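My notes follow in the order of looking.

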Amino acid sequence: MAAPLWRQCQRWIVSSAGTRLLEPQWRYGVRPASVSAVSGGRASRSSGPGDELSLQPKQRVLQGYTSSLARNIHSDAKLKDPFTLAQKDLASLYDDIKKELFVSKEELKSLCDYYFDGKGKAIRPMIVVLMARALNIHSNRAGDLLPGQRAVAMISEMIHTASLVHDDVIDGSDKRRGKRTINNVWGERKAILAGDFILSAASMALARIGNITVVKVLSQVIEDLVRGEFMQLGSKENENERFKHYLEKTFKKTASLIANSCKAVSILVNSDPDVHEIAYQYGKNVGIAFQLVDDVLDFTTGASQLGKPSAADLKLGLATGPVLFACQQFPELHAMIMRRFSSKGDVAQAWQYVIQSDGVQQTNFLAQRYCQEAIRQISMLRPSAEREALIRLTEMVLTRDK
């Protein structure tokens, strides 16, 4: 029988921006929890893609595991709440974005402001703000944000939102954040133009920072987003190549923005390439973990909690982590993956295979490994409340339910 995919993952090295997407992490001295411990046991059966799967045991165990890991590294530190620490800097975020998007044409203004209503999670700018403050303290400065760092936090949210607008057009989605998508309200053409306009405004704000290295770093994000979207349109026949393809796509579509935004704020305060790499690696590992958990939630959380339909990935023909792991136990999934779940009954059957397998648990376990590496990286910075908040954030990534 083939080795579990999470063991194979240790040996896979996927080059992206000159770094590894996944590194063997047993050497960091943290003993891995068993899959059954991570999951709290076998997942209860659901009758179909619309049903919810209780994750409370998983949440309790993962929370305890990451908290224990953090305490082992920082036994004398009280972990800080990320949202509380970043609240002051994020208070005017959406108002600042709306100023960047100011236009006289009322309809375009409505389109651009639609998702900047203050109801998003603002995870990306929060990470950027906390990273900037932690780096400032590490670099013997006051913790307050530099103007350029504040701009990077704002730009990260603008790029992310523009990508959501375009993704919804590509996927034909009709719901986002609990309300109708822009393409559903105004049509695809206007949605595409709105996304383009948000990107153009982000580019103007980026140019005003006046640092050519930061411009290059954040420009890479836009290239990665496009390349990642193209990667999502394809698949690989070989199982090992398929998982490497999935992880690389995950980096480009999700983690690159967080990683490069963290790197950008480090460049603005510190000239040491090693410090830049710490910031980048933290963002990369948290970003990949965030997306892995997001892929799990597509199988385990009801549509009312997600703010979008559940089993959406399967319906789009996408084989995410839980499906790829489940394929080890149910080889029948291979043919479904290659035809992108396009035959009648494929989505419902694939859903059942995932729930009956340990695909969800294995994906959670993989996310846990990425969070361990994020903690290892950020722990290299000088102690600060912001550094501890970034450690606490890894726990929140693993235990979130929407």
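I began with glutamate 241 and lysine 244, which both lie in helix H12 (residues 239-267), three residues apart, or about one turn of the helix; helices here are DSSP runs of H or I with at least four residues, strands are runs of E with at least two, and both are numbered from the N terminus. Their side chains meet in a salt bridge at 3.5 Å, N to O, where the term stands for a side-chain nitrogen of Lys or Arg within 4 Å of a carboxyl oxygen of Asp or Glu. I noted that glutamate 241 is partly exposed at 37% relative accessibility, and that lysine 244 is partly exposed at 24% (buried is under 20% relative accessible area, exposed over 50%, partly exposed in between, with a 1.4 Å probe and protein chains only).

Before going further I recorded the basis: this is a predicted model, in which local features need pLDDT of at least 70 and side-chain atom pairs count only at pLDDT 80 or more, while totals for chains, interfaces and linings use all residues. Residues are numbered from 1 along each chain as its sequence is written, and side-chain values use heavy atoms, with hydrogens and water left out.

How many salt bridges does the rule give? I read a count of 18.

Next I followed aspartate 89, which forms a salt bridge with arginine 133, the closest N and O atoms being 2.7 Å apart. This pair links distant parts of the chain, since arginine 133 is in helix H7 (residues 123-138) and aspartate 89 in helix H4 (residues 82-90), 44 residues apart. Arginine 133 counts as buried at 13% relative accessibility, and aspartate 89 is also buried, at 8%. Aspartate 89 meets arginine 150 as well, in a salt bridge of 3.4 Å, N to O; arginine 150 lies in helix H8, 61 residues from aspartate 89, and is partly exposed at 35%.

I then turned to leucine 164, found in helix H8 (residues 147-171) and buried at 9% relative accessibility. Leaving aside neighbours within four places in sequence, leucine 164 is in contact (heavy atoms within 4.5 Å) with Arg176 and Arg177. Its C-alpha atom is separated by 9.8 Å from that of isoleucine 182, 18 residues apart along the chain.

Last, I looked at phenylalanine 230 in helix H11 (residues 212-232), which is exposed, with a relative accessible area of 59%.
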